[in-house]
Amino acid sequence: MIPKSNDMRFEVTTRCNYNCVICPRDKLTRKIETMSFELFRRILDKILDETGQYNTLSFPGLGEPLLDETLDRKIEYAKKKKLDILILTNGSLLSVDRFKALEGLGVTSLRISFYGNTPAAYSKVHGLKNKEIFNKVRANLTEISKIKKQTKLLFTFNVVDGINESCVKGWIEYWKDKADLIEVWRPHNWVDGKDYRKVQKALLATCGRPFNGPLQVQADGSVNMCCFDFNGKLTLGDLKNETLGAIFDSPLYRKIKECHAAGKFKGSGLICEKCDQRNAVKSDAMVFNSKFDIAERLKMTSTTYSKVIG
């Protein structure tokens, strides 16, 4: 059975112009590539022909979506299918004109990762040598916040101890009236990619994603179980030559589902066994949210804000 979700996530590229300290790009073994428009169209049509459960298309992934030169064509094609479009971006390529173009295409929201309130902190967290990028990006985003009409602006901040923790209060104050939503998080581990959160002894039986998680389509057309699995260790199948039904009836998916239903992972070989997303106590994961109750927000996805747990 296909997980109950209305959200398709297409990673259109694994290329990125940032090298954030919270991202495990240094451990990435997947190919650096961009999904062609032809493959995108083929896969999207295939999904929508098979099931009518999806009404939202998100562009997240380990790469920066705005580096994809065919992104606008993909958005145009998806809008013809009556889909809401969400983009997760570092915002570095969001000039005022670029934003106007995206808004004109009908993009529903932009979720922008902006992890600093000073040039020094921002450049260090985002792995940039040029500290002046901060001023350029913030100025563009500030102007965009003044002219936006329909496309929502969502800002996220990740607190990295020893680098940008002193920026949190000022960052919230600066963006709170300029954005539709602002969130302050503490970094997660990308399962085994980083070591920011302690994996607790008390773990939930499931993170909820095998049952309620969004559809994860990687840049090569494969389907992955989880957005935190940056190297595709839980690759379920390939939409280039398989149907969704076959992919979600694969031996690996059935094994994942069984382990999550029982809460038993020992000896399974699944990376889920020691994943911080199963931590029973999540109070250390989020610092601030301008719209949602934090306890409830931690049960939701970061795209459609639909419940993934409970």
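Good morning. I shall begin with the lining of the largest pocket, whose residues comprise 5 nonpolar, 7 polar and 4 charged. Please bear in mind throughout that the model is predicted.

How much space lies in this largest pocket? The volume is about 260 Å³. A total of 16 residues line the pocket, and those closest to its centre are Ser-109, Lys-152, Leu-154, Thr-303 and Tyr-305. Two elements, β3 (84-89) and β5 (152-158), each give two or more residues to the lining.

Both of these strands lead us to the sheet. The sheet is open and has 10 strands with mixed pairing, and its order reads β9-β8-β7-β1-β2-β3-β4-β5-β6-β10. Which strands stand at the edges? They are β9 (235-238) and β10 (286-289); each has a single partner strand, so one side of each is left without a neighbour in the sheet. On average, and with direction ignored, neighbouring strands of this sheet are turned by 20° against each other.

Let us now turn to β5 and its neighbour β6. In the order of the sheet, β5 stands between β4 and β6. Strand β6 covers residues 181-185, and its pairing with β5 is parallel, over 5 bridges. At one point of this pairing, Phe-155 has Ile-182 in β6 as its bridge partner.

Finally, a helix belongs to this part of the picture. Helix α6, residues 168-175, packs on the sheet and touches β5, β6 and β10. The direction of α6 makes about 170° with that of β6.

To close, β5 links the topics of this talk: β5 gives residues to the lining of the largest pocket, pairs with β6 and is touched by α6. Thank you for your attention.

Notes:
Residues numbered from 1 in each chain as written. Predicted model: local features only at pLDDT ≥ 70, side-chain atom pairs only at ≥ 80, totals over all residues. Heavy atoms only, no water. 1 Å grid on protein atoms, 1.4 Å probe; cavity = no way out; pocket = protein on both sides within 12 Å on 5 of 7 lines; lining within 4 Å. Points joined across faces, edges and corners; volume = space filled by probe spheres on them. Helix = DSSP H or I, 4+ residues; strand = E, 2+ residues; numbered from the N terminus. Nonpolar A, V, L, I, M, F, W, Y, C, P; charged D, E, K, R; others polar. Pairing = 2+ DSSP bridges. Axes fitted to C-alpha atoms, helices over the stretch in contact; angles between N-to-C directions. Contact = heavy atoms within 4.5 Å.
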